[in-house]
Amino acid sequence: IGLTLGFTAFMLTLGRWGIHRALPYLQAYTRWPGGELSFALILALLGAAFTEWIGIHAIFGSFLVGVAVGDSSHLRERTRVIIDQFVSFIFAPVFFASIGLKVNFLAHFDLQLVFIVLSIACLCKLLGGYWGARWGGLLRKDSWAVGFAMNARGAMGSILGLLALEAGLISQRLFVALIVMAIVTSMMSGPAMRLLIHHGTRHRLQDLLSPRLFIHRMRAGSRREAIAELCRQAALQTGLDALTLETEVWAREEALPTGLGCGLAMPHARLEGLAAPLVVVGISDKGVDFDAPDELLAHVLVLVITPRKDPGAQLSLAAELAGLFRRDEMLPAALKARGYTDFTALIRRSTAELKSI
């Protein structure tokens, strides 16, 4: 117990600090992304080996290393995507195949037990997530969406079930029920959330564009400078406090980069007292690094400020922007726009084309 607590404290303090300091050196002196991937994988294996040696399962050590590595702001978003794909398309299939080799699912499938386990699991997670979200101030439908998001067990639920089976704590019938529960709850979460979050007033990008909130040629060279320039333009035209606006947007940016890829970035924030969503568009010829998953510089920057009481506005605008700029011809056309009129015409034309498909 002492070694487990000590390792946990070390990884979440000094270990996290050391990883954060080491990543810039790896990025400077090793080939990307091989250096970062090797570093993360070696640390995960060492953490797994250590916790296995002290008598705790290996998954705990690799989990703590993952928390420490993933928490660093120096870890590129593209590297995160590669790690996620590596786990999803290599480790996960191997893991589920190994489960199939351990248990005969047809011989130990008990419909009544599966129904009981699935019902208890969904009831506890859905209600817990729902009431927690309501307590946090979310709307009813958004709270149910949080409940369904929390309801997905996936790989971790399967791993815990496998550990319990190997330890002799549960029978093979119960293990099969737990695996079925983990798969079903993971499959139902996405469609349920999609249905729940598409509600209320749908804000369209073309209705929020304004010539007063459009910067044809941005001067900023860094992410912080770009956010400051967009916030100053918003404050100048709307009367909002530029410093407060920049602080809110940058705090969100530090939590998670807002580069969407395909040359697009959508820095954003939610403010109290705002009556309606606010959109500021900036075009950067030289591009700004917003740590996009595809590693491309952002040339079209869209600052989105929405009311805190309307959480769905941000999602609908992000979905619309991502759909528009996923098309190969969108970014070159936006860079060729000679001003607000050309850009607005492009958005309206592209939106109409997407609807007709």
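Is Pro93 buried, partly exposed or exposed? I looked this up before anything else, in what is a predicted model. Pro93 comes out as partly exposed, because its relative accessibility is 42%.

**Pro93 and its surroundings**

I placed Pro93 in helix H4. I then listed its contacts, leaving aside neighbours within four places in sequence, and found Val87 and Ser88. I also took a C-alpha to C-alpha distance from Pro93 to His216, which gave 48 Å in space for 123 residues in sequence.

**Nonpolar patch**

I looked for nonpolar side chains on the surface next. Leu41, Leu45, Phe86, Val87, Phe89, Ile90, Phe91 and Val94 make up a nonpolar patch there, and together they have about 760 Å² of accessible area. Helix H2 (34-53) and helix H4 (77-102) are the elements that supply two or more of its residues. The largest contribution is from H4, at 6 residues. I checked one member, Val94, which lies in helix H4. Val94 counts as exposed because its relative accessibility is 54%, and the cut-off for exposed is over 50%.

**Helix H1**

I noted a kink of about 45° centred on Met11. Met11 is also one of the buried residues of H1, and the others are Thr4, Phe7, Gly15, Ile19, Leu23 and Leu26. Much of that list is spaced by three or four places, and I kept the general rule beside it. An α-helix has 3.6 residues a turn, so residues three or four places apart point the same way. I asked what covers these buried residues, and the cover includes H2 and helix H3 (58-70).

**Asn151**

Asn151 is buried, because its relative accessible area is 0%. Apart from neighbours within four places in sequence, Asn151 is in contact with Ala121, Cys122, Lys125, Leu126, Thr185, Met188 and Ser189.

**Salt bridges**

How many salt bridges does a search of the whole structure find? I got 10, and wrote up some of them.

- Glu246 pairs with Arg224, with the closest N and O atoms 3.2 Å apart. This pair links distant parts of the chain, with Glu246 in helix H11 (residues 242-255) and Arg224 in helix H10 (residues 223-238), 22 residues apart. Glu246 counts as buried because its relative accessibility is 17%, whereas Arg224 is partly exposed at 37%.
- Arg308 and Glu272 meet in a salt bridge at 3.3 Å, N to O. Both sit in loops, 36 residues apart: Arg308 between strand E6 (298-307) and helix H12 (311-325), Glu272 between strand E4 (268-271) and strand E5 (278-288). Arg308 is partly exposed, with 34% relative accessible area, and Glu272 is exposed at 63%.
- Arg338 forms a salt bridge with Asp342, where the closest N and O atoms are 3.2 Å apart. Arg338 is exposed, as its relative accessible area is 71%, and Asp342 counts as partly exposed at 29%.
- Arg327, Glu329 and Glu353 are joined in a network of salt bridges.

Technical notes. Residues are numbered from 1 along each chain as its sequence is written. This is a predicted model: local features need pLDDT of at least 70, side-chain atom pairs count only at pLDDT 80 or more; totals for chains, interfaces and linings use all residues. Side-chain values use heavy atoms; hydrogens and water are left out. Patches are made of residues with over 30% relative accessible area and no salt bridge: like charges are joined within 9 Å, nonpolar side chains (Val, Leu, Ile, Met, Phe, Trp, Tyr) within 5 Å. Accessible areas come from the Shrake-Rupley method with a 1.4 Å probe; for residues, only the protein chains shown count as cover. A salt bridge is a side-chain nitrogen of Lys or Arg within 4 Å of a carboxyl oxygen of Asp or Glu. Helices (H or I, at least four residues) and strands (E, at least two) are DSSP runs, numbered from the N terminus. Buried means under 20% relative accessible area, exposed over 50%, partly exposed in between (1.4 Å probe, protein chains only). The bend at a residue is the angle between axes fitted to the seven residues ending there and the seven starting there. Contact means heavy atoms within 4.5 Å.
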